[in-house]
Amino acid sequence: MNIQGTWFDGYQSKPQPAQLTFNPDGLRLSLPDRQLDFLYAALTVSEQYRNGHYQIQVRNPPFADGTIECELAPDQQQYILAQGAKSSTRWAAWHHPNTLITSLIALVLVIVVAVKWLLPGLAMAAAPFIPQSFADGIGEAAYEYLYQSEVQPAQLLSEKTKRMIEANFDELSRESQEPARLEIVSLQASNSIGPNALALPNRTILLTEELVEQLDGDLDAVNAVLAHELGHLAYYHSMQALFSYMGLSAMSAVLFGDVSGAVTYLPALAMQMDYSRTAEAEADRFARDLLCAMGKDPTKGALVFNALGEQEAGLLSSHPGSRERSEFFEGGCVNAGYSHRAANF
Ligand SMILES: [Zn+2]
């Protein structure tokens, strides 16, 4: 008895096509590059999902752990169970109303706690320990994506202006001990990011010329933007956001299986915005303290929010609370204290 299925090996997210052969002594999984044999006792068969598929979990360490997704006819399912495979009853329990209500309440609590505190906390704690090579890979993918649909090589500013911005940036990067690369770019016509600056996990900062123009070429204001982006790097904000997102996706998959996660995502996203507000405030404080430590004037940082205050898109879409933030920069160097690394959360 042969059927086709899909093998998820638990190490890589890429599914592999698999042929399943149900022999009397076990299940043989034929993958494009190898064959795996399992005893039926190592298998756990789910109940049927709404899409008609079954999941067969394989627990056979250290040889293989993973999941097979396939369609099974009723007699095929009975055959596997008769040979010693286990049947998962987790799904059956869900149908009992009391279990369902209790579970739903517990689930909502778990989601709220996880999204509001646990994931951001874990992400924040884990982000500094991520190998730079991993962060580089993600940053490069984001960089390529941005060049495909959002940005293009710089074309608006004079060479002289660009050189001055780059020289300022080198000074900020050196003083903050945050090594980074600046790339001044132009927006593509169909862009969705608007005049903006972005710090990618591969320590590349993209600054759009359109943002410089919105600031009337005020280099103090541009410095505030660049120092702010260095702050995002210092606090590993992009990796934190990524981990929170990955945690949410994983949690949604574990809790809801193949059910759409949309219901959980909406409140999760709303709460995520809170979290990014914290990140923005951290980066602002970093920027102000850095500029003050260098004897530069941070008050022009307020220009960023005044200039873009009326805009829907752009810097503000990812940078909420513009009035408070502009007031923060207008406060100048009063209360400014500076530490090289993010030490004062
Ligand atoms: Zn920011």
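**Cores first, then the sheet**

Okay, so let's start inside. The largest nonpolar core has 51 residues, and the members that touch the most others are I205, L206, L207, A224, V225, L226 and A227. Helix α7, residues 219–234, is the top contributor to that core, giving 9 residues. Keep in mind that this is a predicted model.

Take L226 as an example. What is L226 in contact with, once you leave aside its neighbours within four places in sequence? You get N168, F169, L172, I205 and L207.

There's also a second, separate core, this one of 15 residues, and W7, L20, F38 and A85 are among them. As background, nonpolar side chains in soluble globular proteins tend to be buried together.

Let's zoom in on one pair. β1, residues 2–8, runs antiparallel to β7, residues 64–71, with 4 bridges between them. F8 stands opposite T67 in β7.

Last, the whole chain. We have 12 helices and 12 strands, and 31% of the 345 residues count as buried. Looking at contacts with a separation of 6 or more, 65% come from residues 24 or more positions apart.

Terms used. Residues numbered from 1 in each chain as written. Predicted model: local features only at pLDDT ≥ 70, side-chain atom pairs only at ≥ 80, totals over all residues. Pairing = 2+ DSSP bridges. Helix = DSSP H or I, 4+ residues; strand = E, 2+ residues; numbered from the N terminus. Buried ≥ 20, exposed ≤ 12 C-beta atoms within 10 Å, placed from the backbone. Contact = placed C-beta atoms within 7 Å. Core = buried A, V, L, I, M, F, W, Y, C linked by C-beta atoms within 7 Å.
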